[in-house]
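Q: I am new to this structure and would like to learn how to read it feature by feature. Could you take me through it slowly?

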Amino acid sequence: MLTGAGISAESGVPTFRDAQTGLWAQFRPEDLATPEAFLGNPQRVWQWYEWRRELVRKAEPNAGHRALVALAQRVPRLTLVTQNVDGLHQRAGSTGVVEYHGNILRDRCVAEGIVVDRSPLSITGLPECGRCGELVRPDVVWFGEPIPRAALLQADAAAGDCDVFLSIGTSAAVYPAAGLAEQARNAGATVIEINTEATEITSRVDLALRGPAGEVLPRLLELLHSH
Ligand code: BJW
């Protein structure tokens, strides 16, 4: 299954593309979520990420996240691939979560390319690597950057070898994540979408369940229990 920002919306974490409340209604992705934007203006990019980190830290997992924890206990094999960088699936209790676009709460050294702790001392006012003193960046995947190799391989393998593929709370507008549902379908899986609205893939899914993930997923679980 693949989750997106919609599953965390009910936890108060803004989505990207919802018309009124989405982050891209307020901010331009090319100013904030590209390596070029970071190189050109790290202060601005860090300001935005610190604001979002604060939101994520204060957020709590919701009924949708919890339903997926329970679902994993009900089915023999479940791979949870998330585009979300908020760690809410893990905080709800999901294990083995494949973080396709990284995690906003981790820092990565720009020079070494590895996850690091920040230096407590910073001369520039920007966060610096505790190991080498270079600039750190959020450990997320920006536009134009590759998906972490292990996550890419795990997601491809799961999509190519599943009976049911759930696409939950994602607009399916960003690739390569958006291609996973198609990969699953081509491999013979039943594709089910759970979303408050129609998306790019709605016309190609077997079943579209309309509604908030925090309501639809617990209901789905109830139905499984009664069978
Ligand atoms: C609810 C709900 C509720 C609301 N319940 N539902 C092929 C074709 C065209 C372009 C490309 C292509 N392949 C690659 C590209 C380029 C690009 C891309 O896809 N661009 C498109 C926009 C056209 N992709 C990339 O650049 C990717 N990298 C790449 O391809 O690298 C190639 C490469 C290889 C080798 C070397 C070098 C390069 C990387 C993409 C990175 C995306 N990053 C972001 C930011 C992450 C960090 C951060 O958070 O700051 O990831 S962008 C943003 O979009 C974020 C999300 O994970 C991602 C997806 O968004 P998501 O989750 O779907 O959210 P929304 O807001 O779009 O949708 C929310 C949905 O929820 C809506 O449908 C609502 O209706 C619904 N909803 N409330 C249920 N309660």
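Predicted model: local features only at pLDDT ≥ 70, side-chain atom pairs only at ≥ 80, totals over all residues.

Q: In which loop is proline 176 found, and which residue does a cis peptide bond join to proline 176?

A: As a general idea, most residues other than glycine have a negative phi, and most peptide bonds are trans. Here proline 176 belongs to the loop between strand 7 (164–168) and helix 9 (180–186), and a cis peptide bond with omega of about 5 degrees joins tyrosine 175 to proline 176. Alanine 172 lies in that loop between strand 7 and helix 9 as well, and the phi of alanine 172 is positive, near 55 degrees, in a residue other than glycine.

Q: What is the order of the six strands in the open sheet with parallel pairing?

A: Two strands pair if DSSP finds at least two bridges between them. The order of this six-stranded open sheet is 3-2-1-7-8-9. Strand 3 (98–99) and strand 9 (207–210) stand at the edges with a single partner strand each, so one side of each has no neighbour in the sheet. Within this sheet, strand 7 pairs with strand 8 (residues 190–195) in the parallel sense over five bridges, and serine 167 stands opposite glutamate 193 in strand 8.

Q: How are the three strands of the open sheet 5-4-6 paired?

A: The pairing in that sheet is antiparallel. Strand 5 (115–116) and strand 6 (136–140) are at the edges, and because each has a single partner strand, one side of each is left without a neighbour in the sheet. Strand 4 (residues 102–109) pairs with strand 5 over two bridges, and aspartate 107 has valine 116 in strand 5 as its bridge partner.

Q: How many residues surround the ligand?

A: A residue counts as near a molecule if one of its heavy atoms lies within 4 Å of it. By that rule 35 residues surround the ligand, and the closest are Tyr49, Arg52, Gly144, Thr170 and Ser171.

Q: Which polar side-chain atom lies 2.7 Å from an oxygen atom of the ligand?

A: For a polar contact, one looks for a pair of N or O atoms within 3.5 Å; within protein, one must be able to donate a hydrogen and the other to accept it, and residues adjacent in sequence count only if both atoms are side-chain atoms. Here the side-chain atom belongs to asparagine 195, while an N or O atom in the side chain of arginine 17 is also 2.7 Å from an oxygen atom of the ligand. A polar backbone atom of alanine 213 is 2.9 Å from a nitrogen atom of the ligand.

How values were computed
Residues numbered from 1 in each chain as written. Heavy atoms only, no water. Helix = DSSP H or I, 4+ residues; strand = E, 2+ residues; numbered from the N terminus.
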